[in-house]
Each structure stands twice: as C-alpha cells, then as structure tokens.
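Please view the sequence and the structure together, and then follow the text from the chain as a whole to single residues.

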Amino acid sequence: LLAWRRRPAAQGVDAGVQVPEKQDAEVETEVDSEEELIGSLPPSPSNAGRHAPSRPNWRERQQLCPKLVVGNGAELVLTVPDMVPKERQDFNFSIKDASGKDIYRVIGDQARICLCELDTEEVLAMMSTAPVYEAGVGSPLICRPNGDIFGTLERQTSDAGSSAYALRHRSGQRVLCFEGDLRKNAITVNTASGRRVASVEAGGGGAQHRQVTVYPDMDAGLVLCGLLSIDKLLANQA
C-alpha cells in the first residue's frame, strides 16, 4: 500500500522488506550496557548475580507502529496537512504518499488524535490531548492502539539555540529529537545518538501542507505522532 522512494541502490535490499531486528549492542548511546545498569543499583542479594533491572529493549523503545517501519534501502515521502487546531479537535483528514495517493487517515475527536489505516480506520497509534487542556498546555500522551502510554514530548533548547522537542519513552529515555524552525516546518528528526531518521519541510501539497521524509529503518508512525503532537502544542502556545 505504501509508495516507497528508492535510496541509492548500494543498499542492495528491496524497498518494503522488513528490516531484521537490530541487536541492542548496535545502538550506541541509546542503550546502556549491563555493567552501567548494575553499577547504578545499590548492593543487594537481588543484583548480586548481575541481573540487570527490567527495561524496554531497543525495538520496544523505537517502534510504536511496527507495520510502518520503513524498509531498508528506501525512504517514505508523505504529504501531511498542517491543520491541528488550538481548540479541542474534530477533524478527519488523509496523509498522502509521494504519488499523491491517500495512505493513512488522521481522525481527531474531543480527547484524542488517532493515526489510522486508510480504509478500515483501524487505529495504529493515538495521542491523548487531554493534558494540553488540563495541565496548562501539558504535553499530549503518545499511546499504543490499546491506550498504553508509549511516551511524551519535552520542550528543550538545542545546542544551536533553535527550538526542539525531545520525544521520551515512558521509561524516561530519549528516543527522538525534533529540531529546527518548528513553526515554519523546517525540522530535522534525530535519534538520541544523533542519527537523522526523518526531515520535514514546508510545501508538498499547497498551503497548510508539509512534506515529511522518513528514512530507512525508522517507524513512520512514531515520527507522525511526534509531529502531530508538536502541532497541538504550538497551536496552544500561539
């Protein structure tokens, strides 16, 4: 259903093929070593055997929508409307691929924004917007389809002095950083280790639209939920 745009052929893997699961050891600063975890625990019989405390693995932290992970050797180009209002939302719009074909649906009701399958409207992920109104412009909660909280956004200032939002997993670990001129949709999206995984630029579908490019191995659903949550926050800060 997705229209993939091929990256240079040196990757040697067809677009759309599911990427093999990365091992935690391959993710440098995003995953602490067992020694670091054990070192942070007080001495006790429970950790004497060097068992690390329970924590989410790399795949759990990086993937909100496993079905929307971009294939190796490809990138996904989307046209996303910029129309999330300040008020409690009531909308229904589509996200298009590079060919102009509708591929996802975004549905907003009073309490949440849902990223859905186009035809069946099956919920792929959701954002609870209640905190925006209940906590003095609190951050939307990014959730799995069953309502379990995946993470939330935290405002910060980048090293370059530009505006930025960190998307943190519920464990507290930073997963993504959205940085740039957020109101003008000139945004780069990087992992905690600094790897660029997506970009946003104005245009792509006329006024009030922007083009979102998601790079290989990245969960497009997580990027979209982060972007739509930032839209909600910016609308309420105007």
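In this predicted model, 47% of the contacts between residues at least 6 apart in sequence join residues at least 24 apart. The protein chain holds 4 helices and 13 strands. It has 238 residues, of which 47% count as buried. The chain exposes about 11,400 Å², and carbon and sulfur atoms supply 49% of that area.

| Residue | Element | Relative accessible area |
|---|---|---|
| Asparagine 190 | strand E11 (residues 186–191) | 15% |
| Arginine 210 | strand E13 (residues 209–214) | 0% |
| Isoleucine 230 | helix H4 (residues 220–237) | 1% |

Asparagine 190 counts as buried because its relative accessible area is 15%, and the limit for buried is under 20%. Apart from neighbours within four places in sequence, asparagine 190 is in contact with Val175, Leu176 and Cys177, and also with Arg195, Arg196 and Val197.

Arginine 210 is buried as well, because its relative accessibility is 0%. Its side chain makes a polar contact with the side chain of asparagine 185, at 2.9 Å.

How many residues of H4 are buried? The count is 17 of its 18 residues, so that the helix is mostly covered. From its first C-alpha to its last, H4 reaches 26 Å, close to the 26 Å expected at 1.5 Å a residue. The N-terminal end of H4 is capped by aspartate 219, a side-chain oxygen of which lies 2.8 Å from the backbone nitrogen of glycine 221.

Within this helix, isoleucine 230 is buried because its relative accessible area is 1%. When residues up to four places away in sequence are not counted, isoleucine 230 touches Leu153, Tyr165, Phe178 and Leu182.

Methods: Residues numbered from 1 in each chain as written. Predicted model: local features only at pLDDT ≥ 70, side-chain atom pairs only at ≥ 80, totals over all residues. Heavy atoms only, no water. Helix = DSSP H or I, 4+ residues; strand = E, 2+ residues; numbered from the N terminus. Buried < 20%, exposed > 50% of the residue type's maximum accessible area, 1.4 Å probe, protein only. Contact = heavy atoms within 4.5 Å. Areas by Shrake-Rupley, 256 points an atom, 1.4 Å probe, with all protein chains shown as cover. Polar contact = N/O pair within 3.5 Å; in protein donor to acceptor, adjacent residues only side chain to side chain. Expected span 1.5 Å × (residues − 1).
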